[in-house]
Amino acid sequence: IQFVQEIESGNDSLLDHHKKLLSSDSEVGTRLCDARIERLKRLDQEGAVPVHQLRIYVRRPLAEPLLGWPKLFSRTKQFQKLSDERLKSELTRTAQLRDTIIQSLRSLGTESEAIDADQLLDLIYRQWNPERSITRPKYDPSDVRSSLLFTDVSLSEKGFSLANRRYRVISLKLLPDTTYAAMASHLRELPFGSKLLLSIHVPN
């Protein structure tokens, strides 16, 4: 399971709604509201008024392989058929796990909704093509990577680059001898577009 908190700008709709709430007809009140909205929009563009979005990704291993294992000294089949029963069973178990997590979050007082396939593809496309203004094209299910990734990645000692956008990675994976629970709170307060990832893996 992986928790991903995105810290980015994007308060335009909230600020526009705030501006529509203006009920005063006086010129002073209108100018004061416009000045306040303009200041907040400038701060929003600079990343000083961040929006926090939390997404949870869950990965589960297959209970059994979808393709049959080749027998000893048997000829390898070039095109194997997927077992419909196994595939339906895996999809059912995945849906049950998703519903269980959503119900658990609701019991904690947190509203959540599942991410559908199109939303997930849009997230992948925007993440790895940040400077591409073209909308996401149709993808090939047999080769998702070449259908969604159109930006070259440049690696360096201090991070990596996608087109003209540079990224730095800060990790608390190698924790010090003395660790406090509030150490990661500083990462939530970064004043620019960033993502905070917390991955949990329980071995068998």
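The structure is a predicted model, so local features were taken only where pLDDT is at least 70 and side-chain atom pairs only at pLDDT 80 or more, while totals for chains, interfaces and linings use all residues. Residues are numbered from 1 along each chain as its sequence is written, and side-chain values rest on heavy atoms, with hydrogens and water left out.

To start with the overall layout, the chain holds six helices and six strands. Here, helices (H or I, at least four residues) and strands (E, at least two) are DSSP runs, numbered from the N terminus. Read from the N terminus, the order of elements is β-α-α-β-α-α-α-β-β-β-α-β. Of the 204 residues in the chain, 15% are buried. Buried means under 20% relative accessible area, exposed means over 50%, and partly exposed covers what lies in between (1.4 Å probe, protein chains only).

Next come the charged pairs. Side chains of opposite charge can pair when their charged atoms come close. A salt bridge was counted when a side-chain nitrogen of Lys or Arg sits within 4 Å of a carboxyl oxygen of Asp or Glu. Searching the whole structure turned up 10 salt bridges. One of them joins the side chains of Asp34 and Lys19, at 3.7 Å from N to O.

Arg31 and Glu27 are both exposed. Another salt bridge pairs Asp99 with Arg98, and their closest N and O atoms are 3.2 Å apart. With 38% relative accessibility, Asp99 counts as partly exposed, and Arg98, at 41%, falls in the partly exposed class as well. Glu6, Arg55 and Lys195, meanwhile, are linked in a network of salt bridges.

With a relative accessibility of 55%, Leu21 counts as exposed. Leu21 and Cys33 are 12 residues apart along the chain, and their C-alpha atoms are separated by 10.0 Å.

Moving on to the surface, a nonpolar patch is formed by Ile115, Leu120, Ile124, Trp128, Leu149, Val153 and Leu155, which together have about 590 Å² of accessible area. Patches are built from residues with over 30% relative accessible area and no salt bridge, joining like charges within 9 Å and nonpolar side chains (Val, Leu, Ile, Met, Phe, Trp, Tyr) within 5 Å. The areas themselves come from the Shrake-Rupley method with a 1.4 Å probe, and for residues only the protein chains shown count as cover. Both α4 (117-128) and β3 (153-156) supply at least two residues of the patch. The largest share, three residues, comes from α4.

Ile124 sits in helix α4 and counts as partly exposed because its relative accessibility is 31%. In sequence, Ile124 is 24 residues from Leu148, yet the two are 7.4 Å apart in space, C-alpha to C-alpha. Val153 has its place in strand β3, and its 44% relative accessibility makes Val153 partly exposed.

Finally, there is the second largest pocket, with a volume of about 250 Å³. On a 1 Å grid over the protein atoms alone, a pocket is an open set of points with protein on both sides within 12 Å along at least five of seven lines, and lining residues have an atom within 4 Å of a point. Grid points are joined across faces, edges and corners, and the volume is the space filled by probe spheres set on the points. The lining consists of Ile1, Gln2, Tyr57, Val58, Arg59, Pro61, Ser199, Ile200, His201, Val202 and Asn204. By class, these are six nonpolar, four polar and one charged residues. Ala, Val, Leu, Ile, Met, Phe, Trp, Tyr, Cys and Pro count as nonpolar, Asp, Glu, Lys and Arg as charged, and the others, Gly among them, as polar. Val202 lies in the segment after β6 (194-199) and is exposed, with a relative accessible area of 66%. Although Val202 and Ile1 are 201 residues apart in sequence, their C-alpha atoms are 9.1 Å apart in space.

Terms used:
1 Å grid on protein atoms, 1.4 Å probe; cavity = no way out; pocket = protein on both sides within 12 Å on 5 of 7 lines; lining within 4 Å.
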